[in-house]
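Take a look at the model below.

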Amino acid sequence: MGERLPRLLLHAEGAAVAAAAIALYFHLGYPWWLLVALILVPDLSMLGYLAGPAVGSAAYDAAHTYVLPVALATLGAIVDAETAVSVGLIWLAHIGIDRALGYGLKYPSGFKDTHLQRT
């Protein structure tokens, strides 16, 4: 169990982020259809793999780290820009779901080599 605990905690962390982002999204009254329409948009970053694994992993990781959506949602909240908040929450939900399912940040060695596991 001790060897698997960090991975289990990372999965739980992702699930918690996804649940919180989705709960806040609906609490703020944003439309369900926008969530459905945009939830997979961060996966378009996989197109970077067409330029090779180094570019692909960098593009994927940039779109799948919490830094940018947290910044977007926070800035949106500060300047009262609802679109930025809603998109940031959708983006956070996507990343959280990915982490809960075991998809992590990618290493340039291959798409299946992640910070969580080899998928």
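**How the helices pack**

Leu68, Pro69, Val70, Leu72, Ala73, Gly76 and Ala77 in H4 meet Ala84, Val85, Val87, Gly88, Trp91, Leu92 and Ile95 in H5. Here contact means heavy atoms within 4.5 Å. The residues of this contact of H4 with H5 divide into 12 nonpolar, two polar and no charged.

The model is predicted: local features need pLDDT of at least 70, side-chain atom pairs count only at pLDDT 80 or more, and totals for chains, interfaces and linings use all residues. Residues are numbered from 1 along each chain as its sequence is written, and side-chain values use heavy atoms, with hydrogens and water left out.

Helices (H or I, at least four residues) are DSSP runs, numbered from the N terminus. The axes of helix H4 (residues 67-78) and H5 come within 7 Å and cross at roughly 155 degrees. That makes H4 roughly antiparallel to H5 (angles over 145 degrees count as such). Axes are lines fitted to C-alpha atoms, for helices over the stretch in contact, and angles run from 0 to 180 degrees between N-to-C directions. H4 passes H5 in a left-handed crossing, with the near helix turned anticlockwise from the far one by less than a right angle.

Ala84 sits in helix H5. Is Ala84 buried or exposed? At 17% relative accessibility, Ala84 counts as buried (under 20% relative accessible area, 1.4 Å probe, protein chains only). Not counting residues up to four places away in sequence, Ala84 touches Leu72, Ala73 and Gly76.

Now turn to H1. H1 and H5 pack at an angle of about 155 degrees, their axes 7 Å apart. H1 is therefore roughly antiparallel to H5. H1 also passes H5 in a left-handed crossing. The residues of the contact of H1 with H5 divide into 15 nonpolar, four polar and one charged.

Next comes the core. The largest nonpolar core has 11 residues, including Ala21, Tyr25, Tyr30, Val85 and Leu89. Such a core is a set of buried Ala, Val, Leu, Ile, Met, Phe, Trp, Tyr and Cys residues joined through side-chain atoms within 4.5 Å. Helix H1 (5-27), helix H2 (32-38) and helix H5 (82-101) each give two or more residues to this core. The largest share, five residues, comes from H5. Leaving aside its neighbours within four places in sequence, Leu89 is in contact with Ala21, Leu24, Tyr25, Leu28 and Tyr30.

Definitions and conventions. Buried means under 20% relative accessible area, exposed over 50%, partly exposed in between (1.4 Å probe, protein chains only). Angles under 35 degrees count as roughly parallel, over 145 as roughly antiparallel, 65 to 115 as roughly perpendicular and the rest as oblique. Ala, Val, Leu, Ile, Met, Phe, Trp, Tyr, Cys and Pro count as nonpolar, Asp, Glu, Lys and Arg as charged, and the others, Gly among them, as polar.
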